Amino acid sequence: MKVDLIIKNAKQLITMQGPSRARVGKEADDIGIIENGALAIDDKRIIAVGNSEQIAIDYQSKNMIDAADKVVMPGFVDPHTHPIFYSTRENELEMRIKGKSYVEISQSGGGIRSSISGVRESSENELFELSKKRIERIISNGTTTLEAKSGYGLSTQSEIKMLKVIERLNHNLPITIVPTFLGAHEFPAEYKDDRETYIKILTDEMLPEVAEKNLAEYCDIFTEEHVYNIEQSRRILTKAKQLGFKIRMHADEIKPIGGAELAADMGAVSADHLGAASDKGISAMKESGVIATLLPGTIFSLGMQSYARARYMIDNNLAVALATDFNPGSCNCDSMQFIITLACLNMNITPAEAITAATINSAYSLELGEEIGSLENGKKADILVMDMPSYQYLPYHFGSNNVEKVIKNGNVIWDNKM
Ligand SMILES: [Zn+2]
């Protein structure tokens, strides 16, 4: 049979074959390796997976990719990013090294508030061009599906502007970008002492308008002692659910205030960060099928040690996903490869578990696990050809890009050898 594309001779073909759900417990360590593997791709989808001899007998194509001595694996799915902003904030890294606190940085004009004024004062076009370049670099590092949040506008108009930028990026870039509304990222300065009024704007104005314009799939919130408490979070998320949004949460990053438990209670698809999540919260998430999306890049970039307990979560059958948390303040990392290194070395999970968390489980964290995240018959052909001899090489060789080719829907969208 003639097909659009064949990828052959992969030293290791990482299929991620397994049950049609996020992988838990020991499943996470099984990545379905085929030695000397090959794939046949037709009409944007994978139609055959096997060893190279068998695929060569059954399929022919004018387009062949020879992956000899290389690893072929699913494209990375990055389910937590904040890529829409105006200025970068590298000066804050130096201030942190010199011992300045979050409050001192904020008082000298930095922190999230500087990102908010940047977004408010720039045009949709400016934000689009800046964000497009950033996401192109993310693509070159192997990400084929990306979640992107608003949350640096914190007014109806500027949050809508951010979501429109995300919509345009999704149409203009070759990868899939999933939009999330994060109007509850912080309290804007003008409502610092009148939080109830801002919550009212969120529930009565922003959420209905975002829903009406169909600009976001998910509603996210920063649930933490100094931002949105449990009661406020519950109110906002309840309204979001009524309007048809699915839920993700920034939960229990710093203190165990019950964010993980609330995520379970609200039926969130994902709860993220979780550096301080309690045993009870972890078990509640497991019972409700909430995925734990962990962001070790943020802890690393802030020079902290409070990594989420990924080892405990996996051992207790909670599904774990990984994301970059790409953002202008606490984590300016566009590489899921580096996140995998951090997850292995600082959260004590195996290379295979980290790859599971960065592909199939992160796909389920965006409810896209039936379409992407593994190389199985019928799935979208979102594939990486990696210039490396084995999957263990991925966390081992860090600080440079192991990706040779990025394939989205069966088309090569990035080739680092060109
Ligand atoms: Zn975040």
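## The zinc site

In this predicted model, the residues that hold the zinc ion are spaced along the chain as H-x1-H-x167-H. Those donors are His80, His82 and His250, each using its NE2 atom, at 2.1 to 2.2 Å from the zinc ion.

The site brings together distant parts of the chain, since His82 and His250 are 168 residues apart. You will find His82 in the loop between β6 (76–78) and α2 (90–97), while His250 belongs to strand β10 (residues 246–251).

## Two domains

Stepping back, the protein splits into domain 1 (5–74 + 374–415) and domain 2 (77–365). Their C-alpha centres are 29 Å apart.

## Where the domains meet

How many residues of domain 1 are in contact with domain 2? There are 32, and they touch 30 residues of domain 2. The size of an interface is often expressed as the accessible area lost when the parts come together. Here about 2,500 Å² is buried between domain 1 and domain 2, with carbon and sulfur atoms giving 69% of that area. Salt bridges between the two domains number 0, whereas 12 residue pairs are in polar contact across domain 1 and domain 2.

On the domain 1 side, the elements that give two or more residues are β5 (71–74), β14 (383–386), α16 (393–396), β15 (403–408) and β16 (411–415). The most comes from β15, with 4 residues. Sorted by class, the side of domain 1 that touches domain 2 has 19 nonpolar, 7 polar and 6 charged residues.

Definitions and conventions. Residues are numbered from 1 along each chain as its sequence is written. This is a predicted model: local features need pLDDT of at least 70, side-chain atom pairs count only at pLDDT 80 or more; totals for chains, interfaces and linings use all residues. Side-chain values use heavy atoms; hydrogens and water are left out. Domain bounds come from an automatic or database domain assignment. Contact means heavy atoms within 4.5 Å. Buried area is the accessible area (1.4 Å probe) that two parts lose on being put together, summed over both. A salt bridge is a side-chain nitrogen of Lys or Arg within 4 Å of a carboxyl oxygen of Asp or Glu. A polar contact is a pair of N or O atoms within 3.5 Å; within protein, one must be able to donate a hydrogen and the other to accept it, and residues adjacent in sequence count only if both atoms are side-chain atoms. Ala, Val, Leu, Ile, Met, Phe, Trp, Tyr, Cys and Pro count as nonpolar, Asp, Glu, Lys and Arg as charged, and the others, Gly among them, as polar. Donors are N, O and S atoms within 2.8 Å of the metal (3.2 Å for Na, K and Ca); water is not among the atoms, so sites may look incomplete.
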